[in-house]
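Visitor: Hi, I have a model open and some quick questions. Can you walk me through it?

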Amino acid sequence: MTERAPLLWTAVFFAAGILLQWIFTLPFFLIASGAGIAGAVLWKVRKAPRAANLTFLALISLLGACRAEMDARQAPNDIVSLISSSPSPIAVKGTLVNDPRWTSHYRALSGWLEVEAVRDPGEWRAASGRLFVRWPWRAGRWECGDRLQLHGRIRAGRAASSGHRFDEGRWLWVHRGEGILSVSAVEGVRWIDRSTAAWAVTRRAIARFRERLMGLGRSLMGPVEAAFLEALVLGQQQEIPLSIQEVFRKTGTIHVLVVSGSNVGLIGLMALMLLSFLRVPRGMRYALLAGILWTYCILTGLSPPILRATLMGILLCWGAGQGLEVSPLNLVGAAACLSQTVHPRALADVSFQLSFSAVLGILAAAKGFSTREPEARWGQWLKAGGKALAVSTAAWAATAPFLWWHFQQVSLLAPLANLVVVPWASGLMAAGLLV
């Protein structure tokens with residue numbers, strides 16, 4: 001384990017433990033016993049750097065396996081026992097735990113429901129689990145924290161096939177979902193009450209603020225332009241035509257339509273300039289900046305790329321507020337550790353893989369840049385262009401294996417296309433944020 005990036009190595013070995021548990025599914029008592037033995041050995045060899053480092057990494061791997069095993073355990077009343085590949089009628093009660101979204105393909109609203117009870121067969125009994133639910137838009141545009149009673153048909157996720165490339169089962173597993181509940185009739189949705197918990201109130205307030213921003217954008221520009229602005233600033237891609245999305249996908253620039261580190265960086269830069277202009281004290285300045293970044297993360301839906309960048313930004317704010325110099329690799333490692341600890345299945349999410357691999361590729365390319373600036377103006381422009389191309393190529397090379405594995409598609413035009421698309425997207429995003 002190197003001195004420069006111990007947190008990055010910690011994240012790597014924690015991920016290795018998660019992967020090993022997914023592959024071999026070892027008993028929990030065996031993993032816990034191994035972790036206890038590793039902890040005792042670590043205490044004994046703590047003064048021997050090499051042995052202590054190796055033992056520490058082994059302990060971290062075992063803790064990752066423990067976390068994966070704990071995540072896989074099901075509650076006694078889990079609803080999974082009622083789900084099969086064939087759709088079957090069901091009635092459930094539960095709470096919406098995210099902001100519902102419009103799905104144009106199904107012409108319905110959809111969201112995630114934490115199940116509280118199920119009717120079996122004529123009376124309600126306690127149940128648990130998470131379902132992806134769809135309901136007609138005429139039944140109501142419910143919000144995060146709303147408790148609903150739903151009557152519809154439930155089924156398990158479909159595996160990928162020749163005519164259906166999307167693997168619903170894997171997607172549900174990554175998001176800790178048990179099945180898909182489709183409600184076709186308006187009468188199949190009944191509102192019970194609304195949660196007053198702090199998390200629900202906050203999410204509803206931010207969702208309403210997001211809707212106001214989207215309405216403002218649509219009042220100022222055409223539908224396609226507003227759709228691009230919503231995707232770049234708020235991460236809402238629903239209104240971008242599929243034909244345009246396909247062009248971005250084929251050229252390897254689809255990532256600009258997903259909120260990520262560049263959005264967080266731009267938000268942070270603008271907020272920091274404003275707070276500095278207002279002469280806010282240093283400690284309070286970075287505390288407020290961390291709050292702004294976290295609010296923006298919630299505003300855009302807590303997706304893995306934005307969550308990773310936000311965690312890195314908050315850690316950077318803490319370091320800057322304390323007057324510390326923070327290693328970028330340590331920031332990446334800390335963000336990865338926190339993400340996997342809270343949600344270990346994120347490791348299997350393509351957006352998590354693409355996000356972290358792109359950042360590591362960019363950091364690897366940045367290490368090769370010379371700090372010496374050329375004297376001639378043309379030399380400075382040439383060096384700037386070379387840096388941009390190197391960064392674009394490094395991000396493309398780091399993400400290409402994951403793109404091929406998940407989508408069997410890698411664009412050779414991506415390094416050059418990004419040199420044009422990324423500045424355009426950044427300019428439009430900055431203009432949208434100012435508006």
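Guide: One term to start: helices here are DSSP runs of H or I with at least four residues, numbered from the N terminus. Keep in mind that this is a predicted model.

Visitor: Okay. Which residues form the nonpolar patch on the surface?

Guide: Leu19, Leu20, Ile23, Phe24, Leu26, Phe29 and Leu30. Together they have about 730 Å² of accessible area.

Visitor: Which helices each supply at least two residues of the patch?

Guide: Helix 1, residues 6-24, and helix 2, residues 28-44.

Visitor: And which one gives the most?

Guide: Helix 1, with four residues.

Visitor: Where does Leu26 lie?

Guide: Leu26 sits in the loop between helix 1 and helix 2.

Visitor: Why is Leu26 called partly exposed?

Guide: Its relative accessible area is 39%. Partly exposed covers the range between the buried cut-off, under 20%, and the exposed one, over 50%, so Leu26 at 39% is partly exposed.

Visitor: New topic: backbone angles. What is the phi of Arg176?

Guide: Positive, about 60°, although Arg176 is not a glycine. You'll find Arg176 in the loop between helix 4 (168-174) and strand 7 (179-182).

Visitor: What about the phi of Arg279?

Guide: Arg279 has a positive phi of about 60°, and it is not a glycine. Its loop runs between helix 8 (261-277) and helix 9 (282-299).

Visitor: Is Arg279 buried or exposed?

Guide: Exposed, because its relative accessible area is 75%. Arg176 has 35%, so Arg176 is partly exposed.

Notes: Residues are numbered from 1 along each chain as its sequence is written. This is a predicted model: local features need pLDDT of at least 70, side-chain atom pairs count only at pLDDT 80 or more; totals for chains, interfaces and linings use all residues. Side-chain values use heavy atoms; hydrogens and water are left out. Patches are made of residues with over 30% relative accessible area and no salt bridge: like charges are joined within 9 Å, nonpolar side chains (Val, Leu, Ile, Met, Phe, Trp, Tyr) within 5 Å. Accessible areas come from the Shrake-Rupley method with a 1.4 Å probe; for residues, only the protein chains shown count as cover. A salt bridge is a side-chain nitrogen of Lys or Arg within 4 Å of a carboxyl oxygen of Asp or Glu. Buried means under 20% relative accessible area, exposed over 50%, partly exposed in between (1.4 Å probe, protein chains only).
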